[in-house]
Structure formats: C-alpha cells, structure tokens
Amino acid sequence: MESWREIETRAEALHPGSGDDRRSDAGVLHGTAAWASPNGPLLCLRIDAHTPASPTDFFALSLARARADAIVTTGATLRAEPELRHEAGTGALARGLADWRSRVAERTAPPVSVVLTRSGELDADHALLADPARRVWIATGEDGARALAPRRLPAHVEVWTLAQPSLRAVVAGLRSERGLGTVVVEAGPSAARELYTPPVAVDELWLSLCGVEPAPDVVEHAPLPSLTELEHRLGPPRSGVDGDEPSGPWSFRRYRAARRAAPPSC
Ligand SMILES: NC(=O)c1ccc[n+]([C@@H]2O[C@H](COP(=O)([O-])OP(=O)(O)OC[C@H]3O[C@@H](n4cnc5c(N)ncnc54)[C@H](OP(=O)(O)O)[C@@H]3O)[C@@H](O)[C@H]2O)c1
C-alpha cells in the first residue's frame, strides 16, 4: 500500500513547491487534460478508451479528488462517461490517497458529487448516481427540475434548483452557501470556459498537456482559452514538470491565481 508520505512525495514531484497550498483549502480547482493546438486554443481531450494514456494525469486527477469537498461535473460529461464514479485512484493508490485525505487534507467524509444540467437528461442508473455512500446534488434550473421529477432518482440524490444555474453560480454557491472549501471542477470545455471570463472564478488550474497531437475525434471542439489567455488571467505557471508517458511526452503545469481563495462563510 502507498502511504500518505509516498503520496506527498509524488504530489511534490508533480507540483514542486505546492506543499503549503496542498494543506489549505484550494478554493476552486479546475483540473483538465488538453492539447495545445499550434493555432492557439486549448482543446480538451475526450475521456474514453481512446484518450492518450498518462498515468501521471490519472494521479493528478486522483489527487485533486482526494483533496475535494465537492467535485463538479456536468450532464454532458455523465452522458459521455457512463462509468464515471469520482473515485480517487484505484487499488494501492486509492488506499494511499484515502490515508492522505484523512491525515494531510484532514477530511473524513467523501466529497459530494455535483452534476450541473440544464436539460435534466440524466440516466437515473448512471454509476455516479448509484453509490449510496456518496452524496450527489444535481444542480439545475426550474425546467431541469421538472424534467427530473418523473425519473426515479436514488434517495441519496438531491435536486438543487437554482434560479439561474451556471457553473459559476454552482461553484460560488458551494463555497459561500454550503460552506465547502475545496471545489474541484471536472467539466468539459463548454461549461468550464465560463470560469475564465473575468472576473476569473478559478483559484488553481492543474493542466495536463498532451505533447503529441491527438486524432481529431479525441479532442472536444469547444476550445478553452489559449495558454496565452490563461496566463494573462492566472499569471505564469507556479510549476511545470515534463513527463515521458506511455502515449508520448506530456507536461504538467500548476497555475494559481494571485488572489487567495476567500474562506467559506459558514
Ligand atoms: N479533458 C478533460 O479534462 C475532461 C474533463 C471533463 C470532461 N471531459 C470530456 O468533455 C466532454 C464533454 O464536454 P462538453 O463541452 O460537451 O460538455 P460540458 O462542458 O462537460 O457540459 C456542458 C453541459 O453542462 C450543462 N450546462 C452548461 N451550462 C449550464 C447552465 N448554465 N445551466 C445548466 N446546465 C449547464 C449542460 O448539461 P445538459 O446537457 O445535461 O443540460 C451542458 O450540455 C466529454 O467527452 C468528457 O469526456 C474532458
């Protein structure tokens, strides 16, 4: 089994100099795997059997989940990833991250999973909704709530109706109304890019950059802001580490917005 110390060593190798940040609330942490196209935009990788393999990206994703009070995703991502479960790692890595979560991140309860949807088109049997040990909140508007009403959602799944739902409203509500300190965003580009419209709503960005051009059907078409735009809004990366992954060269960057995340109000 990996111990919390081994996880700390791997986390520091991934994001050098981030130890103090790892021990405090992250605010809004966006993690994404992308390809920086030569003409500018960042294109998110589709997550499926054809995604270029990167164990280091999997570790980054798992570490972010191990740190989270809430993990926010979308209806579109649930439909694209029927097996999505928001688990932090598998096997020995999962056991080490559970140890790290309680000893370093000082969290005992599992994070709540939040699904943003406008349409309410969610499969009530989806793997993420099926686990009774995990709290799930579906964030939607009046129309979405109406569409969800006839679906037989499990009892541990709560519908959270917002007057004007958006990813920005959800992450703000989780922190200010629901008192959650570390909100990890795992959304595709259509939803995630609104967080970078000024005023930027991201405190940390963990960007895994695939260095080999993926096939066109492996990337999402809606772009994230370009690296230049991201660095204009977040500042230069706090760290960048190159990796030799099974799919080729990757780099792993951590950005932290200059402003500190305000603590939850309750
Ligand atoms: N590379 C990565 O790191 C990464 C991370 C996550 C996901 N992905 C991939 O990204 C793809 C999905 O990306 P995408 O751009 O198509 O979709 P997306 O950004 O994940 O989600 C868009 C969906 O979010 C919901 N939404 C957006 N704005 C909303 C609002 N104001 N109010 C209520 N709901 C709102 C809607 O869900 P409804 O349609 O349900 O109404 C909308 O269709 C998948 O293939 C997934 O595997 C990649």
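Start by selecting helix 1 (residues 4-14) and helix 5 (residues 91-103) in this predicted model. Their axes come within 8 Å and cross at roughly 90°. Angles of 65 to 115 degrees count as roughly perpendicular, and helix 1 and helix 5 are therefore roughly perpendicular to each other.

Now show the side chains where these two helices touch. From helix 1, pick W4, E6, I7 and E8; they meet G96, L97, D99, W100 and R103 of helix 5. Colour this contact by class and you will find four nonpolar, one polar and four charged residues.

Next stop: the ligand. Select its surroundings and 28 residues come up, with T74, G75, A76, G188 and S190 the closest. Strand 1 (27-36), helix 4 (75-80) and helix 9 (189-192) are the elements that give two or more residues to this shell. By class, the shell around the ligand holds 13 nonpolar, nine polar and six charged residues.

From strand 1, step across to strand 8 (residues 204-210). The two strands pair in the parallel sense over six bridges. To find your place in the pairing, look for H30, which stands opposite L205 in strand 8.

Stay on strand 8 and check how covered it is: seven of its seven residues are buried. Turn the view to see each side in turn. One face carries E204, W206, S208 and C210, the other L205, L207 and L209, and all of these are buried.

Strand 10 runs antiparallel to strand 8, and seven bridges join them. Zoom in on L209 to see one of these pairings: the bridge partner of L209 in strand 10 is S251.

Conventions
Residues numbered from 1 in each chain as written. Predicted model: local features only at pLDDT ≥ 70, side-chain atom pairs only at ≥ 80, totals over all residues. Axes fitted to C-alpha atoms, helices over the stretch in contact; angles between N-to-C directions. Helix = DSSP H or I, 4+ residues; strand = E, 2+ residues; numbered from the N terminus. Parallel < 35°, antiparallel > 145°, perpendicular 65-115°, else oblique. Contact = placed C-beta atoms within 7 Å. Nonpolar A, V, L, I, M, F, W, Y, C, P; charged D, E, K, R; others polar. Near = placed C-beta within 6 Å. Buried ≥ 20, exposed ≤ 12 C-beta atoms within 10 Å, placed from the backbone. Pairing = 2+ DSSP bridges.
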